[in-house]
Amino acid sequence: MNHRTEERYIRNISRVSAAALGNFEHSDLKELQYFTDNLKRAFVSLEKDETEYIGTYCIMVPDEIIFAFGYRPLRLCGGHHTAALIGDELAPRDACPVIKASVGFHAMQVVPLYQQCKLVILPLTCDGKRKSAELLSEYVPVIPLPVEMSKSEDDFQYNTTALQSLIKSIEAETGRKFSTQKLVQACKDADRAQQEAYRLYSYLAADDPVIRGSQVMMIMNSYCYDLPQKWAEHVKRLNTELEKHRGKASPHSRRKPRIFIAGSPITFPNFKIPFLLESLGGQIVGDETCMSGRLLYDPIIPDECSKDGILRALSARYFSACTCPVFEETEDRLNSLREKLQKCKAEGVIYHVLRGCTPYDFELPLIEKITDELGIPLIRVETDFSSEDAEQVRIRLEAFVELIEQRRR
């Protein structure tokens, strides 16, 4: 890659990321800047430091195991159109944009975070993830993580054993030893972050939210580029600030349509749907996407603080409790979604499908049954990371918001 091409990649990545972060400027929430600054360092100024990362693809990789080796986990699921364009030349045409962007980021070799990864861990969940392992291995060492797609007792044991094998693979690849003490501390740090995330989402689901849904999704995305204890401390400060705002705010005479986002992940800087929806007067009151609402949803509850006891707890949290549609059992996922829709008093659901993301698309009829039962309208929006369909998506979302407002009359 010549110098001019490299500069063009850097310029495009920074420009698109800065434009997305521009939507969070001029906020009354002072603590919001900490999270935008994190994303700015990673994707706008493209800063490099001495941190050693182990990259992960998918929320099924336990961050706690990576911390137990003295590395920092880094979520590499790409959400950038420029990277997806590069990946389009390396991955099959019908591959989902997350995989294309992920491969593209490694191929470009201009984002320091990706270059600082010692290795990456890739759960073998969907077909795209399985096939992308070979592509990614050309740029960085890849440790595949086999996952059984059933939640039976036998498969729980299989997945727990897979985590034990993962530890051995990391030891062999890095030469570092696993620390149970660091594992215990990482679990405590994750728990603190989770408690603050719960509290943050409670403000979003309130009758008169004092924070926008896109802001919450940005904050949750920033968790993937931060230390849990630092992130939790700043979310705690933000929650305190939100409590003060709620105490001063008066109820709105005309409340915005309350909309819940489900389906494929919404990854920074691809916030096209949240930004368009809010510009049309919609209020996002919750989501169950794996880079936001599901990121810190289930607690880690070890039955004992031994290595084996914590690994069983991690297997229960990251696999058995996971509500990703790649699993064979769907009842827990559907029950979780029903509970969230009722809790946040959603008046409409946007079902987001990334082109090529077949697991979520296959599940649409099951989701429609739930929304029909609850009397909530649903709209399926299929898109990718480009801005070419923005006007088409805007028109459809505008009609959806108007539908919800008409139902109130």
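Here are the stops, in order.

Some ground rules come first. The model is predicted, so local features need pLDDT of at least 70, side-chain atom pairs count only at pLDDT 80 or more, and totals for chains, interfaces and linings use all residues. Residues are numbered from 1 along each chain as its sequence is written, and side-chain values use heavy atoms, with hydrogens and water left out.

**Stop 1: the domains.** Select 3-179, then 183-408. These are domain 1 and domain 2, with bounds from an automatic or database domain assignment. Their C-alpha centres lie 20 Å apart.

**Stop 2: the interface.** Show both domains. 61 residues of domain 1 are in contact with 65 residues of domain 2 (heavy atoms within 4.5 Å). Together they bury about 5,400 Å² (accessible area, 1.4 Å probe, lost on being put together, summed over both). Carbon and sulfur atoms hold 72% of it.

**Stop 3: a salt bridge.** Select lysine 151 and aspartate 332. Their side chains form a salt bridge at 2.5 Å, N to O (a side-chain nitrogen of Lys or Arg within 4 Å of a carboxyl oxygen of Asp or Glu). The count between the two domains is 1 salt bridge.

**Stop 4: the largest pocket.** Where does the largest pocket lie? Both domains give residues to its lining, so it lies between them. A pocket here is an open set of points on a 1 Å grid over the protein atoms alone, where a 1.4 Å probe fits, with protein on both sides within 12 Å along at least five of seven lines; lining residues have an atom within 4 Å of a point. Select Cys96, Ile99, Cys126, Lys129 and Cys357: of the 34 lining residues, these are the closest to its centre.

Terms used. Buried area = accessible area lost by both parts, 1.4 Å probe.
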